[in-house]
Structures are given as C-alpha cells and as structure tokens.
Amino acid sequence: MLARLFLFFLLTVPSPLCGQGPASTALDTSLVGVRPVYPEFPGGFEALMKFIADHLQWQESSGPGGKVYVTFTVEEDGSLTETKVLRGVDVLADAEAMRLVNAMPRWNPGRDHNGKPMRQRWNLPIQICTR
C-alpha cells in the first residue's frame, strides 16, 4: 500500500528532475475582452432576411421546399467562395439556395483580434418555401 502511494505521488507531482518546473502563474492579459468580429451581411441580419425574401424564386409547383443548409467562406475582401450545400432537401431547393448565396453582395468580412480582415467559414440555413 505504501509503495502504491509513493508511486502515485511520484507520478502526479512535477519534478525538476523530469524537466517540469512549476507551472507559470502569469496570465496573458493582452487579449482580455478582445473578440474577433464575425462576418456580416451588409445591413445586418434583417437585411439578409429581406434579401432572401426579395430574391427567392420558388413556386408551389417546384415542390414543398424545406430548410437547406449552405456553407461558404467569407474572404478578406467580403466575397463568398467555396459555396456548397451541407444538408439539402432536393435538387431544386438546393439549387435555389445556392443561387441565392451566389447572388449575394459582398459581406463585411470578419476581423481578428487585431482588426485585420480574415477568412471565415459561415453556415447559413435558408428556408425555401412559397410566400
């Protein structure tokens, strides 16, 4: 029992002999409260919903529609690239969701904690249905 306790102590306590000193307690406070800025459609969320509603071309004869999940990358200049359907409904609804995303204007790009524009991946659910 004493041997097991000694072995447990030996394995759990860092030793300078093993090249492990005490952990540093200094915190890097240079980034406290600084968050990256996420990409945004020009005008915000409401403008994005209005864009989708205004540009959606879907008739009842096209099918029931549904929610299509599209992913894309917002580049440093705000352009959208690498667009693809993550989870689709059917061929027509998926094509309409892709058409909507490809017709969008440049977004406001995301920015890192230094304020520099950066590429960011974005997932967007689009409800395809009749008005």
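The part to be discussed is the place of Thr73 and its surroundings. In which strand is Thr73, is Thr73 buried or exposed, and which residues does Thr73 touch?

Analyst: This is a predicted model, in which local features need pLDDT of at least 70 and side-chain atom pairs count only at pLDDT 80 or more, while totals for chains, interfaces and linings use all residues. Residues are numbered from 1 along each chain as its sequence is written, and side-chain values use heavy atoms, with hydrogens and water left out.

The protein has three helices and five strands, in the order α-α-β-β-α-β-β-β along the sequence. Helices (H or I, at least four residues) and strands (E, at least two) are DSSP runs numbered from the N terminus.

Thr73 lies in strand E1, residues 66-74. Its relative accessibility is 4%, so Thr73 counts as buried; buried means under 20% relative accessible area, exposed over 50%, and partly exposed in between, with a 1.4 Å probe and protein chains only. Of the protein's 131 residues, 27% are buried.

Leaving aside residues up to four places away in sequence, Thr73 touches Ser79, Leu80, Thr81, Glu82, Arg119, Gln120 and Arg121. Contact here means heavy atoms within 4.5 Å.

One of these neighbours, Glu82, is also joined to Thr73 by a polar contact of 3.0 Å between their side chains. A polar contact is a pair of N or O atoms within 3.5 Å; within protein, one must be able to donate a hydrogen and the other to accept it, and residues adjacent in sequence count only if both atoms are side-chain atoms. Glu82 belongs to strand E2, residues 80-87. With a relative accessible area of 48%, Glu82 is partly exposed, whereas Thr73 is buried. The phi angle of Glu82 is near 55°, a positive value in a residue other than glycine.

Strands E1 and E2 also take part in another arrangement: together with helix H2 (45-55) and strand E5 (120-128), they are among the elements that cover the buried residues of H3. Those buried residues are Ala93, Asp94, Glu96, Ala97, Met98, Leu100 and Val101. At the start of H3, a side-chain oxygen of Asp90 comes within 3.1 Å of the backbone nitrogen of Leu92.

In summary, Thr73 is a buried residue of strand E1, with a side-chain polar contact to Glu82 in strand E2.
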